[in-house]
Amino acid sequence: MRESVRVFFATSSRVLWVLLAAITLFFTLIIYPNLSVTKFSYNVGDIAEKNIKAPRDFFIQDDAATESSRKLAIRSVLPVYDHNTEMVVRQVAHVRSAFSTFRTVLTQPPVPPPPQPALDRGLESSLAATPLDEVWLRKQEFEDKMGIEVSRGAFQVLETHLFSKTIENLICRIYAEIVTNGVVANKALLLRQGDRGITLRTLDGKEESIAKNLKAYYGLEQAQTMVRIVADPLFKQEAVDVDYTALNLIVDFAQRMLRPNITVNGSETEIRARRFAEEVKPVLFKVKVGEMILREGERVTELQLVKLRELQIQTQNRHIFSRSIGAAMITAFFILIAFLVHFHPRNEGIEDRNKNMFFLATVLITFLLVAKVSLSVPGVIGATVEFDIQETSVYFGMPVAAGAMTVCLFMGLDAALFFSIVFAALVTLVFSNQFTLFIYIFLSSSMAAFWLKNCRERKVFIKAGAKLGLFNVALAAGVMAYANDVSVEICLWSAFFAFTGGLASGIVTAGIAPLLEMLFDYTTDIKLLELANLDQPILRRLMIEAPGTYNHSVIVGTLADAVASEIGANPLLARVCGYYHDIGKIEKAQYFIENQTDGKNRHDKLAPSMSALILTGHVKSGIEIARQYRLGQTIMDTIQQHHGTSLIEFFYEKAKAQKEDSEETVNADNFRYPGPKPQTVEAAIVMISDVLEAATRALDNPTPARIQGLVQNLINKIFVSGQLDYSEITLKDLHNMAKRFNVVLSGINHHRIKYPEKSGNGQRAKNGDSNRQSSGEAYGSSGRDTGERDSHLKRLGIT
């Protein structure tokens, strides 16, 4: 149950409407808390203190009786099933058309070839197309008309019998008799209706009837069994000239042509049930004017309490109710327009969108509560201090700008600006429509988000809070001047609270950011910087257990960082994703070439399909390890997407080579990564960096020209294969990425100068440099210890 609720809130598009309704209701209750709950003086069993009479006539609905009547009405509705009466006629016509067409083809004379030169006329007779050839060329046409696939063997049988009219008639008669009786998709569901029956109507809805004998209809499997039963007597009467093989073919065709022609129409059934329920009138009873509702000294009964509550509901203050409706509509319009203008057009999945909306709703509700609590702060301060402090000055101290700072930290500056507009408007309604307060909160929140947009360190919160405090001081002065409420005392108190509010906003944001990051599984730049530390436990484990993969991942991270900076992507995210994209190889490190130090390839003894399973398995293992180490959803997505749906060509070609002599075909899908394709620019960058880093290692002489050609070919191959379709990378980006890859890969694979060595007779080696010191002399060692030193070092590092 809990898992189904989680899936609903994560994937359902209706969640957005639920959130809108919840925020609207919550905000309405904040403005008018007296409407949130209607309190009554009495409970069932209490003693009435005075008489209460009805001041006017009013009706009371008996909810229990009304609901009972509606349930009875719903249960009386019979399930509606659609009966496709045209299916038999249509399918029989297709069968007869198919057989008739191919019988005609077989009776046609051969088609002569086009005129040939005189020298080639002797070959005309051999080039003539026979009717048999045309039959086989049009086999797909026969299958399309029949609506089923026909094997070569079955088609050969039909050809042998010249698409016999007898076979055609038997197929049509058997099929028509079964389907005319009625075939349902789920007979067990049908039989649950028992003796009630069902409403059977035609597809056009013009005719319908009540069917009671539900056992007469066939289920799909039962109908296939009935084909043989119906066919046996027909075979004895009419299939004298048809052999046993053709009889089996007739049964097979009839069975595979069967489709349910009686299907349940759930939507129509639900519509009828809803209509019947709506037609049930509420069960009411009337309370007349002057009727005694409560009598002094009597115990309050449940019925008396219902009457009292209904009286209070119907006589409540209509002015307050209308204002509540107005506030709810304003709130709904603000949130709805902000969503449609900014959040709806964004390219994100339903699950990400729902998570973001839950996050925004949480922040909005939290800081609306902060604003609501702040309403009572001036009274508390006035009761505890001797100074006369104006309410507006105290309001400047609200740390409500922390809401926009929090949104900017997790969703970016654009989202924070839209949040600031909506939040400022709603807070203004809470504070009795003070326009100056709207200006103050909106501008303060906007600047707070701006100063936090590139937050990568914890101290940035305090710096942004201090800057915001100084900005709030100037902004508060402007607001007070606009309100024509200027005095030295008011300005000093306003400046004090304004600066305090700005600094407190930074501190509050720093405090709640880790909690929200963990609660909503966001990955901020601060967390990415922590993960970029190569001393992380999973990276140290990768370095020890799979050193080749570790080295490869570090280089991929470096490449991704450089390329992401070139095209305006997030270089920090790209680098961290590059570090962690292959952590799944830890599980089977020795099955990956970069970790095979003993010269033995373990895949030599495995089937190609098994090797492909091992290679693709590192993606799933990587996701599980990332979840175990809480690396965040962003990195998990990149791990899952960094190979896309690409083909493992080596083992695919190897499998094809092994099965060249057999008739079996190799399914390319068994040699593909499960995907999905990269959904973000950073994931696409990691994919390309991964491919290029591995490919450049295989170059014998990695000159800049060869690297440039390799980069161009591989990026083109990835692009043409469609792996970048969902990553929003443009052709201009690919061009700039290729240039940056060329520079970085050429730097990584640059040539090194060989150090000169001395030969045994004291002369310089052939490739030596007379101006360069030998490796032995580089450390200032004397010649007398050469032999001893060589005896100690020449086996260094050899196991």
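Me: How many residues of helix α31 are buried?
Reply: In this predicted model, helix α31 covers residues 681-697 and reaches 25 Å from its first C-alpha to its last, close to the 24 Å expected at 1.5 Å a residue. The helix is mostly covered, and of its 17 residues the number that are buried is 13.

Me: Are helices α19 and α20 roughly parallel or roughly antiparallel?
Reply: Helix α19 (residues 401-411) and helix α20 (residues 413-430) have axes 7 Å apart, and they pack at an angle of about 155°. Because angles over 145 degrees fall in that class, α19 relative to α20 is roughly antiparallel.

Me: What is the handedness of the crossing of α19 and α20, and how many charged residues does their contact hold?
Reply: The crossing of α19 and α20 is right-handed. On the α19 side the contact is made by G403, A404, V407, C408 and M411, which meet L413, A415, A416, F419 and S420 in α20. Divided by class, the residues of this contact are eight nonpolar and two polar, while the count of charged residues is none.

Me: How many nonpolar residues are in the contact of α20 with α21?
Reply: From α20 the contact draws on L413, A416, L417, S420, I421, F423, A424, A425, V427 and T428, and from α21 on L437, F438, I441, F442, S445, S446, A449 and F450. By class, this contact has no charged residues and four polar ones, and the number of nonpolar residues is 14.

Me: Against which helices do the buried residues of α21 pack?
Reply: The buried residues of α21 are T436, L437, Y440, I441, S444, S445, S446, A448 and A449. Among them, L437, I441, S445, S446 and A449 also belong to the contact with α20. The helices that the buried residues pack against are α18 (391-395), α19, α20, α22 (459-482) and α23 (488-519).

Me: Is S553 buried or exposed, and which residues beyond its sequence neighbours does it contact?
Reply: S553 lies in helix α26 (residues 547-567). Its relative accessibility is 2%, which is under the 20% cut-off, so S553 counts as buried. Leaving aside neighbours within four places in sequence, the residues in contact with S553 are L542, G578, Y579, H581 and D582.

Me: What is the distance between the C-alpha atoms of V306 and D62?
Reply: V306 is found in helix α14 (residues 302-314), and with a relative accessible area of 33% it is partly exposed. V306 and D62 are 244 residues apart along the chain, and the separation of their C-alpha atoms is 9.4 Å.

Me: What share of the contacts with a separation of 6 or more comes from residues 24 or more positions apart?
Reply: The secondary structure of the protein comes to 34 helices and 10 strands, and buried residues make up 41% of its 799 residues. Among contacts in the protein with a separation of 6 or more, the share from residues 24 or more positions apart is 77%.

Conventions
Residues are numbered from 1 along each chain as its sequence is written. This is a predicted model: local features need pLDDT of at least 70, side-chain atom pairs count only at pLDDT 80 or more; totals for chains, interfaces and linings use all residues. Side-chain values use heavy atoms; hydrogens and water are left out. Helices (H or I, at least four residues) and strands (E, at least two) are DSSP runs, numbered from the N terminus. The expected span of a helix is 1.5 Å times one less than its number of residues. Buried means under 20% relative accessible area, exposed over 50%, partly exposed in between (1.4 Å probe, protein chains only). Axes are lines fitted to C-alpha atoms, for helices over the stretch in contact, and angles run from 0 to 180 degrees between N-to-C directions. Angles under 35 degrees count as roughly parallel, over 145 as roughly antiparallel, 65 to 115 as roughly perpendicular and the rest as oblique. A crossing is left-handed if the near helix is turned anticlockwise from the far one by less than a right angle, and right-handed if clockwise. Contact means heavy atoms within 4.5 Å. Ala, Val, Leu, Ile, Met, Phe, Trp, Tyr, Cys and Pro count as nonpolar, Asp, Glu, Lys and Arg as charged, and the others, Gly among them, as polar.
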